[in-house]
Amino acid sequence: MAYQSVNPFDGKLVEAFETLSDLQLETRIAAADACFRTWRHTAYAERAKIIGRAGEILHARADELARIMTTEMGKRIGEARGEVEFSARIMAYYAANAERFLAPVKLSPINGEAHMESSPIGVIFCVEPWNFPYYQLARVAGPHLMAGNTVVVKHAGIVPQCAIAFEQVMIEAGAPIGLYTNLLISHDQSDTVVDDPRIKGVALTGSVEAGRSIAARAGRNLKVSSMELGGSDAFIVLEDADLDLTVPWAVWGRMYNTGQTCCAAKRFIVVESMADAFLAKFKAALALLEAGDPMDAATTLGPLSTERALVDLLEQVEGAVAHGAKVALGGKRIDRPGSYMAPTILTDIAPGNPAFRQEFFGPVASFFRVKDEDAAIALANDSDFGLGGSVWTADVARGRRVASRVETGMMFINNIDWTDAELPFGGIKDSGYGRELGDMGIQQFVNKKLVRTHDVKAPA
Ligand code: NAP
C-alpha cells in the first residue's frame, strides 16, 4: 500500500491507508475548484479568521501532533514540538500580513497612472516531503490560502497520519470544503492532477528526481511551478572562527532531524590552519550523541525515517569509500532495533568520487580541508546544488563578502537560522526555483496584473 505509517524506532506498522479512487480524486478536485470561486472573493479579514484559527489549534495541540510525527518518521519529540509551534506561527503570520504583501502597488509610468494588482489564480497542487511533515504544509497553506487560492496536497507516502491530522486542523478551524484538501494518491494520479485544467499551479518540495518529473509535467501544461529540492550546503570555517562556538553549530547543522534536512550543513569546508582542530572537536562532539527512543526528550540521536532510507545511506557511504573516501567516524548502522545510523564523517572525498556531488540525507558529514578563503568558495560552488550555506568567521564584513560569492539561494553568517515565517526560502541550480514564504513566497501563485489609466484621447 502506498501510504503506510511505520514507526522507525521499532519498525512496526502503525497503520496503512488506501489511496483514493479516481472518482474520489475527481470529487475532491471539483470541491477545491468550487471552493475557489467563492474563496477568491472573501475579504482578507474573513480568510484570516480561518488561517489564524488553524494556527491557534496547531499551538493548542502541539504535543499530540508532535507525537504523531515522532511515531511516523522518528523526529525527536522536542524537535517535533518545535516544528508544530513554528507551523502555528507561520499560519498566524500570514493571517496577519498577507493583505499587506498583496496590496496594490503604485507604479510611476512617464505617461498616465499605473498600478499592479495581485489576484489569486485557482487551485494549487502541492507535493510535499516527509521530513517536515507539518512545517511543509503550513509553508504552502498559510501564504497560498491567504492569497485567495485553494490547495490540494499530496503528502509523502510515509506520513499519512500527519497529512490527515493537518487537514483535520484546517477543518476544525472552519475551512470550507475544498479549501485545503489532503490527497492520498499515487504518482500516476499525481500526474493526472498536474494535467487537470482546474489546477493552476504546482509547488513541489522533494528530491531532484521528483522535481524533474513534476516540473516537466507542469511545463508541458504551461503551469507556473515552484521547486524546492535537495541541497548539499557548505559550512565554511575560516581561520578566524571561534571553534568553541562554531563546532556546536556544525553538530546542530548536520544532526538536526537526524541529518534529514534539505538545507542541513552537509559539506564542511575548513581552511588548512583550522582543519585538524575542527575535525578533532567535531568528531568528539558527534561521538557523544546516543541513540535512543525519539519519544524520550533526553534522547540525542533519533532513527532515520525508514529502514529503506538507512539502507540507501549505508550504500552511499560504501560507494564513497569504494572510491577512496576515508571514514573518520561511524559509517555503520547502530546495532539495535530501528533504523539508526551512527554519526559519520567522511574525509578524502576526491572530485571524481560520486560522493563529491551527492546529497547525503542523514547523519553523514563530508569533510574537506582547503588552502584559504578563495579555495573554500571555489569548492562550495563546485556543486550541482545551490540551496543554502554558512560561513563562520570573527569578521562579519568578511563573512558577508564570502556569502555574496557563494552561488546559492540562501547564506547564513555565523548562524544557521534556516527559516522564518517572514523570510523567503529556496535555491538555485538543482536545488530548484521559486521561493516559499516571505514576500516572494506569497507572490508565487498570484496574478500580478498591470492596470494602466490614461485620460481618454484619440490614438496618436
Ligand atoms: P521525494 O521522494 O522526492 O518525495 C517528496 C514528495 O514527492 C513525496 O510526496 C513523494 O511521494 C512525491 N513524489 C516523488 N516522486 C514523485 C513522482 N514521480 N510523482 C509524484 N510525486 C512524487 O523526496 P523525499 O525523499 O521524501 O525528501 C527528501 C528530499 O527532499 C531531499 O532531497 C531533500 O533535500 C528535499 N527537501 C527539500 C526541501 C526544500 O525546501 N528545498 C525541503 C525538504 C526536503 P511518495 O512519498 O508517495 O513517493
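Predicted model: local features only at pLDDT ≥ 70, side-chain atom pairs only at ≥ 80, totals over all residues.
Reader: Why are helix 7 and helix 8 called roughly parallel to each other?

Author: The axes of helix 7 and helix 8 (residues 208-220) cross at roughly 30° and come within 9 Å. Angles under 35 degrees count as roughly parallel, and helix 7 and helix 8 are therefore given that description. The crossing of helix 7 with helix 8 is right-handed, and the contact is made by Ser190, Asp191, Val194 and Asp195 on the side of helix 7, with Ile214, Arg217 and Ala218 on the side of helix 8. By class, the residues of this contact divide into three nonpolar, one polar and three charged.

Reader: What makes the contact of helix 1 with helix 7, and into which classes do its residues divide?

Author: Helix 1 (residues 22-39) contributes Asp22, Leu25 and Ile29, which meet Gln189, Thr192 and Val193 in helix 7. These residues divide into three nonpolar, two polar and one charged. The two helices pack at an angle of about 35°, with their axes 12 Å apart, and helix 1 passes helix 7 in a right-handed crossing.

Reader: Why is the aromatic pair of phenylalanine 86 and tyrosine 135 called stacked?

Author: A search of the whole structure finds 21 aromatic pairs, and in this one the rings are 5.3 Å centre to centre with 15° between the planes. Phenylalanine 86 lies in helix 4 (residues 77-101) and tyrosine 135 in helix 5 (residues 135-146), so the pair ties together parts that are 49 residues apart in sequence. Phenylalanine 86 and tyrosine 135 are both buried.

Reader: What makes the pair of phenylalanine 235 and phenylalanine 278 tilted?

Author: Here the distance is 6.3 Å centre to centre and the angle between the planes is 40°; since planes under 30 degrees apart count as stacked and those over 60 as edge-to-face, with the rest tilted, the pair falls in the tilted class. Phenylalanine 235 belongs to strand 10 (residues 233-237) and phenylalanine 278 to helix 10 (residues 272-287), so that the pair links distant parts of the chain, 43 residues apart. Both of these phenylalanines are buried.

Reader: How do you know that threonine 258 counts as buried, whereas lysine 429 counts as partly exposed?

Author: Buried means under 20% relative accessible area, exposed means over 50%, and partly exposed lies in between. Threonine 258, at 6% relative accessibility, therefore counts as buried, while lysine 429, at 37%, counts as partly exposed. Threonine 258 is found in the loop between helix 9 (243-255) and strand 11 (265-271), and lysine 429 has its place in strand 18 (residues 428-429).

Reader: What makes the phi of threonine 258 and of lysine 429 worth a remark?

Author: Most residues other than glycine have a negative phi. Threonine 258 has a positive phi of about 50° although it is not a glycine, and lysine 429 likewise has a positive phi of about 50° without being a glycine.

Reader: Why is arginine 398 called buried?

Author: The relative accessible area of arginine 398 is 11%, and the limit for buried is under 20%, so arginine 398 is placed in that class. Arginine 398 lies in helix 13 (residues 396-405) and, leaving aside its neighbours within four places in sequence, is in contact with Leu238, Glu239, Asp240, Glu373 and Thr393.

Methods
Residues numbered from 1 in each chain as written. Heavy atoms only, no water. Axes fitted to C-alpha atoms, helices over the stretch in contact; angles between N-to-C directions. Helix = DSSP H or I, 4+ residues; strand = E, 2+ residues; numbered from the N terminus. Left-handed = near helix turned anticlockwise from the far one by under 90°. Contact = heavy atoms within 4.5 Å. Nonpolar A, V, L, I, M, F, W, Y, C, P; charged D, E, K, R; others polar. Parallel < 35°, antiparallel > 145°, perpendicular 65-115°, else oblique. Phe/Tyr/Trp six-rings, centres within 6.5 Å; stacked < 30°, edge-to-face > 60°. Buried < 20%, exposed > 50% of the residue type's maximum accessible area, 1.4 Å probe, protein only.
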